[in-house]
Amino acid sequence: MTEIVNGTNMQQRTAVDVGERPLLEIKDLEVGFTTQDGVVKAVDGVNITLYRGQSLAIVGESGSGKSTTAHAIINLLPGTGHISGGQILLDGQDLTKASKHDMEAIRGRKIGFVPQDPMSNLNPVWSIGFQVEEAIKANGIATGRKEVKKRAIEVLKQAGLQDADRRLKQFPHQFSGGMRQRVLIGMGLAADPQLLIADEPTSALDVTVQRVILDHLESLTRELGTTLLFITHDLGLAAERAEQLVVMYKGKVVESGPSVEILQNPQHPYTQRLVAAAPSLASRRIQASGSIAAAESSMAEDAAHAAGDTIDLIATAEARAEVLEAAASAPPAIVVEHLTKVFKIRGSGEFTAVDQVSFQIPKGTTMALVGESGSGKSTVAKMLLKLEDTTSGKIVVGGIDLASVTGKELFHLRSRMQPVFQDPYGSLNPLRNIGNTIAEPLHTHKVGTNASRRERVFELLEQVSLPKSLVSRYPNELSGGQRQRIAIARALALKPEIVVLDEAVSALDVLVQAQILRLLADLQAELGLTYLFITHDLAVVRVIADHVCVMQNGRIVEAATTDEVFDNPREQYTRDLLAAIPGAGIELGA
Amino acid sequence: MAGYIVRRVLQAIPVLLGTTFLIYFMVFALPGDPVVALFGEKTPPPQVVEQLRERYNLDKPFIVQYLIFLGNIFRGDLGVSFSGQPVADILAQTFPVTLRLAALSTFFLMVGGIGVGLISGLRKGGVFDASALVVSLIFISLPIFVVAFVAQYVFAIQLGWFRTTVGVGAPWQDLILPALVLATASFAQIVRLTRASVIETEGQDFVRTAASKGLSRNRIVPVHILRNSLIPVVTYLAVDFGTLMVGAVVTEGIFNVPGVGRTVYQAIIRGENPTVVAFVTVMVLIYLVVNLLIDLLYAVLDPRIRYAK
């Protein structure tokens with residue numbers, strides 16, 4: 001019986017080699033999740049065709065069903081998820097009808113999987129070697145302890161871990177995020193699968209590490225002839241890394257085709273908005289309209305027009321230029337001089353997180369503090385907010401030296417300086433409704449009466465473009481973008497002069513990100529706010545900041561206006577950061 | 001690592017001093033004259049009472065008694081019981097029995113509690129899960145002496161599977177029933193804790209990744225789910241060791257186990273200070289050692305934990 005099945009498989013394989021049958025064919029796939037209110041369709045009639053040796057990227061915002069599609073292929077849907085219709089054909093075999101045992105044989109050996117978050121996808125209690133070796137053993141790639149170990153080292157070296165033999169006995173927590181992602185890539189490719197599914201493999205990593213990993217993944221899959229299915233929310237990244245694009249929106253495929261074609265000539269309105277909003281692409285466009293030939297810039301304007309007035313980043317950028325000129329003569333809102341922070345580490349002495357940092361932010365402008373994780377940028381923000389003590393140096397906010405203020409004065413100063421943090425899920429108290437959350441600073445600082453506070457909450461909701469009806473809702477009922485608007489509304493409640501935004505848009509999808517950035521720019525123009533914008537994402541900096549300070553290992557290595565930094569970066573480190581912006585190399589013009 | 005152990009051992013010294021002092025004081029403050037009580041209904045001759053008082057230092061002030069006792073302990077002399085037997089000898093006879101009972105009970109607790117918790121967690125919301133919840137709630141609501149009497153009546157008297165009381169030398173087979181009864185005291189907590197831990201682990205990304213590597217369910221459950229779920233359960237077992245000791249006093253009484261619990265109980269009734277204090281001191285010492293061992297085991301179970309300094 002099995003021999004006959006194998007026989008048919010062989011025939012199918014020959015057919016594929018000729019190029020007639022795709023390696024993966026998804027037909028009318030439907031995936032449902034059972035909830036209290038019935039079945040919710042997360043994937044609704046998706047068709048994807050992927051030929052051997054090709055690379056294809058599924059792009060979409062969170063909730064678009066892209067990851068669910070990927071999980072459906074390997075039949076590892078979370079919770080109540082189940083395939084409710086359609087077919088998934090791998091080499092002609094329908095995976096939706098495969099038995100549990102068949103799927104175990106397919107996973108790893110035929111379909112490799114590289115998951116999203118390198119921090120949570122390795123079991124913390126087993127060594128790296130153990131986890132790679134068990135994948136090799138399970139797929140019957142090698143037998144015998146020595147052979148398995150040899151193959152594990154080979155796989156890890158191939159994934160870019162040069163000292164694999166030495167690090168086999170180490171545990172995941174002893175590896176950096178980038179190294180862990182290499183391990184996961186190595187594990188995904190351990191059994192030489194025909195198809196590799198990479199689900200946002202680098203979105204948790206710094207932009208420079210991201211590029212190194214993706215470059216490696218690309219050359220590796222090409223070398224091994226692995227077909228690559230790539231899932232990402234970043235359009236620039238997708239276009240740069242895959243030949244074919246599939247754009248998903250609310251569980252449906254809205255557009256598919258060759259990457260360059262889709263980027264240059266998006267047909268579906270959603271794709272058009274996505275192209276216009278992607279900061280990595282938009283930043284390129286702003287530059288293009290200024291310096292590149294007229295034919296190309298008219299192309300870019302077309303794209304901007306296509307986006308309609310939903311997001312008009314060019315106009316935002318131009319309006320800011322005027323403000324900037326006016327601000328140059330005004331006294332600075334924040335002056336930081338020789339700021340240093342030294343942390344004492346148990347056992348191993350001292351660690352200088354921030355080293356002699358100096359900068360000024362003119363009133364009403366935006367300064368971006370850029371750097372990779374660990375560069376000390378968030379520590380600067382914490383010291384500025386006086387949530388962390390300084391080791392040495394001086395911070396002057398609105399003419400007041402932070403070191404001298406205590407008690408009541410500090411309390412008052414805090415009302416003039418408000419933070420917005422990275423994680424909109426973590427920064428709102430889940431037990432307080434939206435109205436109370438926004439009104440809390442007003443209560444704390446005893447501003448107004450109950451009635452006037454209520455008025456102010458409605459006013460703020462309107463400012464951040466949210467309906468008044470949200471006041472009685474709770475954070476878990478809102479989307480990430482809505483929550484971040486609430487956090488911004490709360491920060492604005494006391495009419496502060498300065499807002500410190502610590503990675504405030506990093507966790508958001510591109511479209512939401514663009515909306516929030518637009519909102520911030522509007523509020524700045526309207527209220528004359530000063531922003532300190534902390535981010536690792538240079539693409540975002542391009543559209544929001546007037547001045548940029550690039551931080552590396554606690555020091556500012558480059559400080560200039562945004563245009564100077566982008567057009568003419570002086571430091572190699574800045575150039576690396578710029579080059580690593582995904583999609584930056586793609587010309588939107590023909 | 002060595003530094004960590006030394007620090008923990010040093011921390012144990014004030015704990016031991018504090019507990020011995022408290023116990024000594026409490027037994028001293030008990031009403032009634034232990035020497036008079038020793039003679040029961042009869043009135044002892046005054047000279048004999050005087051002699052006994054002198055011999056057991058009962059005529060001296062409390063603090064002097066305590067210091068003499070401490071000094072003796074440092075010399076390795078735990079004193080002599082009223083019956084004339086050295087306390088050290090009684091300890092040597094009874095502790096092995098109780099340790100055997102505790103070990104057997106912990107074994108049942110781990111196999112039963114963790115096993116039931118694992119299945120409950122993997123089949124969350126199923127029939128097994130619901131039944132396990134009911135059974136563990138029954139055990140948690142019943143005082144241990146009720147469980148002990150019921151078990152004795154049903155399994156020993158009616159069914160005759162076990163002997164009603166533990167015989168001389170406390171052989172293993174006689175200890176099975178008391179150990180099971182002792183295990184019920186913490187059964188519910190272990191089941192609930194394991195279940196919650198298994199459910200949490202099963203939702204972790206690395207479990208899905210393990211499946212995506214092509215591992216079978218039979219490997220994922222023990223290696224990636226159970227192994228990670230054990231960490232909080234093991235910690236709880238250490239904390240729970242105290243419950244086991246308290247339970248042992250009651251259970252040993254009912255099943256007539258010649259162990260520490262029964263001896264301490266009788267010594268308290270008779271007001272035998274040296275015996276009570278010596279026993280409690282050793283119990284505290286064992287509790288501290290068990291907790292240290294579990295903390296060290298914790299580092300083995302979770303490689304992220306390393307004891308610096």
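Helices (H or I, at least four residues) and strands (E, at least two) are DSSP runs, numbered from the N terminus. Over residues 233-255 of chain B, the chain is 96% helix and 0% strand, with the end C-alpha atoms 29 Å apart. This is a predicted model, in which local features need pLDDT of at least 70 and side-chain atom pairs count only at pLDDT 80 or more, while totals for chains, interfaces and linings use all residues. Residues are numbered from 1 along each chain as its sequence is written, and chains are lettered from A and ligands numbered from 1 in the order in which they are written.

**Annotated segments of chain B**
- UniProt, in an unreviewed entry, places the feature "transmembrane region" at residues 12-30, 101-120, 132-155, 233-255 and 275-301 of chain B; such annotations may be inferred rather than shown by experiment, and their positions follow the numbering used here, with feature names shortened.
- Over residues 132-155 of chain B, the chain is 92% helix and 0% strand, and the end C-alpha atoms lie 21 Å apart.

**Surroundings of A:Gln418**
- A:Gln418 belongs to strand S16 (residues 417-420) of chain A.
- The C-alpha atoms of A:Gln418 and A:Leu494 are separated by 8.5 Å, although these residues are 76 residues apart along the chain.
- Not counting residues up to four places away in sequence, A:Gln418 touches A:Ala491, A:Leu494, A:Pro496 and A:Val499, where contact requires C-beta atoms, placed from the backbone, within 7 Å.

**Contact between chains A and B**
- The contact takes 20 residues from chain B and 25 residues from chain A.
- On the side of chain B that touches chain A, the elements giving two or more residues are helix H9 (205-212) and helix H10 (217-239) of chain B, and the largest share, six residues, comes from H9(B).

Methods: Two residues are in contact if their C-beta atoms, placed from the backbone, lie within 7 Å.
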